[in-house]
Amino acid sequence: MYGNWGRILRVDLSRGSIRTERVQEVFYRKFLGGVGTASWIVFDEVGPDVEPLDPGNVVVFAVGPYQGTGIPGSGKWTVSARSPLTGIWGESCGGGYWGPEFKRAGFDAIAVKGRAQSPVYIWIDDGDIEIRDAGHAWGAMASEANKIIKKEVGDEKARVVLIGPGGERLVRFACVASDHGFSGRSGLGAVMGSKNLKAVAVRGTKRVEVADPDALREYGKGLFKKINKATSEFRKYGTTDAAKGMHDTRGYGLAGNWRKGRFEGIKGLVGSRFLEITVGPIACADCPIACHRHTRVTEPEKYAFDGYGPEYETIGMIGWLNRIGDPKAVAYLGHLCDEYGIDTISAGSMIGFTMECYEKGLLTKKDLDGLEPLWGSGDAAVRLIHKMAAREGFGDILAEGVSRAAKEVGGEATRMAVQVKGMELPAHDPRPFPSMAINYATGQRGACHQRGFVLQDSSTIPEWGIPEVADTYSMKEPVLSAARYQDWAEVFNSLVQCEYMTAGGLTLSHQIELLNLVTGWGVDADEMLVTAERIFTLQRLLNIRYGMRREDDTLPPRMFDPLEEGIGAGKVPVGFERMLGEYYVLRGWDLDGKPTVKKLAELDLTDELRLKV
């Protein structure tokens with residue numbers, strides 16, 4: 001077959017066993033790869049009795065038909081499992097170089113279950129696989145662990161995905177790191193930690209065969225040039241210039257833990273200020289944009305570091321949310337999270353939750369070991385990150401995520417927990433935007449703008465009935481928009497490709513043409529939509545298995561509290577329950593949010609499959 005190897009690597013750490021599973025091409029035609037592959041593996045193997053941190057949970061690293069082909073934006077990889085943060089389907093996408101390297105080693109995915117007796121890492125050397133001792137790397141920060149493992153395997157060209165101390169200590173929002181790429185959401189670093197799995201290192205030199213290499217090379221080269229030419233400003237600033245734009249033009253109300261429509265300190269969180277501490281842009285493999293940042297802060301000494309970031313979500317959730325307007329403080333806080341291996345979105349939310357609880361007297365300095373978490377204090381935020389990552393004192397409660405922490409604090413704290421299905425909201429405010437509200441509420445891994453990017457200014461889906469860039473405040477057909485952008489996200493994360501390519505003009509039609517040049521399948525837009533819906537629906541079945549129901553498809557109370565200032569003032573998702581019902585009908589689900597037998601048949605998800613829910 002072309003574009004895929006038909007090989008999934010299986011590792012059982014409890015037994016110390018390694019085997020290769022052969023997969024037929026028809027499987028990839030149904031699920032593409034990436035999260036499509038992982039969705040099936042988790043559905044097939046992780047029942048409701050398997051808790052996220054149990055040895056029986058399976059963590060799946062997967063790539064798609066794009067990796068190793070040079071397609072623009074294909075320097076990506078996915079990691080999936082039952083999430084320890086939410087208890088439901090969890091997945092995240094990371095960048096850097098590991099994805100194409102893994103693909104060139106001759107595999108489409110690696111599925112790891114069990115628990116090693118002591119810390120280990122997996123070394124994949126062009127198809128030769130070993131489980132090696134990682135005791136000397138256990139406890140090391142992410143960048144140091146990367147150096148240790150690369151030195152031990154003896155190949156600087158090797159690529160490593162790994163966890164930091166946050167994952168080792170089972171922080172429920174621990175991430176997985178690889179070079180300057182971080183798969184932040186769903187807490188999958190904690191799943192690796194529960195398995196005593198520090199890292200998966202890989203070196204691959206095999207050539208990925210494609211159906212039409214000459215046409216793919218020319219088509220890909222043209223797209224690369226087109227995207228590169230259109231994104232010069234993006235390359236200059238990365239996503240660091242987005243916060244003020246979101247504040248001024250969309251009316252997001254992040255400040256003070258989602259309570260304020262205006263934040264005076266936003267003027268410090270602009271691209272020009274971050275440019276002052278930027279060494280230069282960094283590209284993932286096969287990327288024409290280079291939106292990641294090499295960053296260096298030399299003074300003040302307390303914020304000094306040399307590393308990566310920050311990106312918009314870090315700026316929004318650590319800076320803006322907590323009213324921290326010092327770009328150096330925000331950059332350092334993001335760096336700390338990266339080194340500990342914890343998600344900056346969830347970490348920022350936990351800081352904001354703590355600051356509001358302290359403001360309202362629900363937490364005291366005694367509760368926090370003498371810490372005074374005042375709004376705008378970068379130093380207090382630094383201490384809170386250390387405490388969360390170490391599970392020290394009240395940090396042990398914060399490490400459980402905002403939903404569990406709010407229950408522990410009790411009382412009014414539950415209204416301060418801004419989350420959906422247990423996962424903290426990203427730095428995009430759904431209150432003024434009906435389509436985003438529905439997307440957040442029905443997101444399979446919890447609220448996520450990247451799993452249904454309805455407000456991506458440059459992207460439309462005319463192939464699926466979304467012919468125009470949406471008028472975000474009075475969006476026509478918000479339910480259709482929410483569903484189709486969710487489906488498109490499944491395409492991106494199964495192929496696997498970075499959605500930022502749309503900033504340079506990438507369309508669904510481009511993706512389909514690229515897929516056909518790689519595989520020779522002859523897929524059209526209608527078939528691609530069925531495939532995307534099939535993957536999305538399979539994840540819904542997983543969530544039903546794990547106890548999710550209609551009442552979980554909602555927004556936190558604070559998202560129904562209107563802001564009193566800014567251009568988003570007074571706007572809330574009016575008619576939310578009506579839109580949710582319309583969404584269920586469009587998806588082919590019943591009134592409880594369960595896919596109907598008819599819909600499963602349409603998607604070639606059989607009754608036998610349904611019985612496993």
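**Figure 1. Asp604 in the loop between helices H24 and H25.** In this predicted model, Asp604 is partly exposed, with a relative accessible area of 41%. The loop that holds Asp604 runs between helix H24 (597–602) and helix H25 (607–610). The backbone of Asp604 has a positive phi of about 60°, although the residue is not a glycine. Most residues other than glycine have a negative phi.

**Figure 2. Arg391 in the loop between helices H15 and H16.** Arg391 is another residue that is not a glycine and has a positive phi, here about 50°. Helix H15 (378–390) and helix H16 (395–398) lie on either side of the loop that contains Arg391. Is Arg391 buried, partly exposed or exposed? The relative accessibility of Arg391 is 21%, so the residue counts as partly exposed; the cut-off for buried is under 20%.

**Figure 3. The cis peptide bond at Pro310.** The bond shown here joins Gly309 to Pro310 and is cis, with omega near -5°. Most peptide bonds are trans. Pro310 belongs to the loop between strand S15 (305–308) and helix H12 (312–320).

**Figure 4. The cis peptide bond at Val496.** Leu495 and Val496 are joined by a cis peptide bond, with omega near 0°. Helix H20 (478–495) and helix H21 (508–519) are the elements on either side of the loop in which Val496 is found.

**Figure 5. Helix H14 and its two ends.** Helix H14 covers residues 344–359, which makes 16 residues. From the first C-alpha to the last, H14 reaches 22 Å, close to the 22 Å expected at 1.5 Å a residue. Of the 16 residues in H14, 15 are buried, so the helix is largely enclosed by the rest of the structure. After the helix comes Gly361, whose phi is positive, near 80°.

**Figure 6. Asn196 and its surroundings.** Asn196 sits in the loop between helix H6 (188–194) and strand S12 (197–203). The relative accessible area of Asn196 is 16%, so the residue is buried. Which residues does Asn196 touch, not counting those up to four places away in sequence? They are Arg115, Ala116, Gln117, Ser118, Pro119, Val120 and Trp138. A polar atom of the Asn196 side chain lies 2.8 Å from the backbone oxygen of Ala116. Asn196 and Tyr121 are 75 residues apart in sequence, while their C-alpha atoms are 8.4 Å apart in space.

**Figure 7. Lys198 and its polar partners.** Lys198 lies in strand S12. The relative accessibility of Lys198 is 0%, so this residue counts as buried. What does the side chain of Lys198 make a polar contact with? The partner is the side chain of Glu168, at 2.5 Å.

**Figure 8. The largest cavity.** A search of the whole structure finds two cavities of 30 Å³ or more. The largest has a volume of about 60 Å³. Its lining is made of Trp89, Glu91, Gly443, Gln444, Arg445, Gly446, Arg451, Gln486, Glu490, Phe536 and Gln539. Strand S5 (89–94), helix H20 (478–495) and helix H22 (525–545) are the elements that give two or more residues to this lining. Sorted by class, the lining of the largest cavity has two nonpolar, five polar and four charged residues.

**Figure 9. The second largest cavity.** This cavity has a volume of about 30 Å³. The residues that line the second largest cavity are Arg29, Leu32, Leu515, Trp521, Val523, Glu527, Met528 and Thr531. Which element gives the most to this lining? H22 does, with three residues. By class, the lining of the second largest cavity has five nonpolar residues, one polar residue and two charged residues.

Notes:
Residues are numbered from 1 along each chain as its sequence is written. This is a predicted model: local features need pLDDT of at least 70, side-chain atom pairs count only at pLDDT 80 or more; totals for chains, interfaces and linings use all residues. Side-chain values use heavy atoms; hydrogens and water are left out. On a 1 Å grid over the protein atoms alone, a cavity is a set of points where a 1.4 Å probe fits but cannot get out, and a pocket is an open set with protein on both sides within 12 Å along at least five of seven lines; lining residues have an atom within 4 Å of a point. Grid points are joined across faces, edges and corners, and a volume is the space filled by probe spheres set on the points. Helices (H or I, at least four residues) and strands (E, at least two) are DSSP runs, numbered from the N terminus. Ala, Val, Leu, Ile, Met, Phe, Trp, Tyr, Cys and Pro count as nonpolar, Asp, Glu, Lys and Arg as charged, and the others, Gly among them, as polar. The expected span of a helix is 1.5 Å times one less than its number of residues. Buried means under 20% relative accessible area, exposed over 50%, partly exposed in between (1.4 Å probe, protein chains only). Contact means heavy atoms within 4.5 Å. A polar contact is a pair of N or O atoms within 3.5 Å; within protein, one must be able to donate a hydrogen and the other to accept it, and residues adjacent in sequence count only if both atoms are side-chain atoms.
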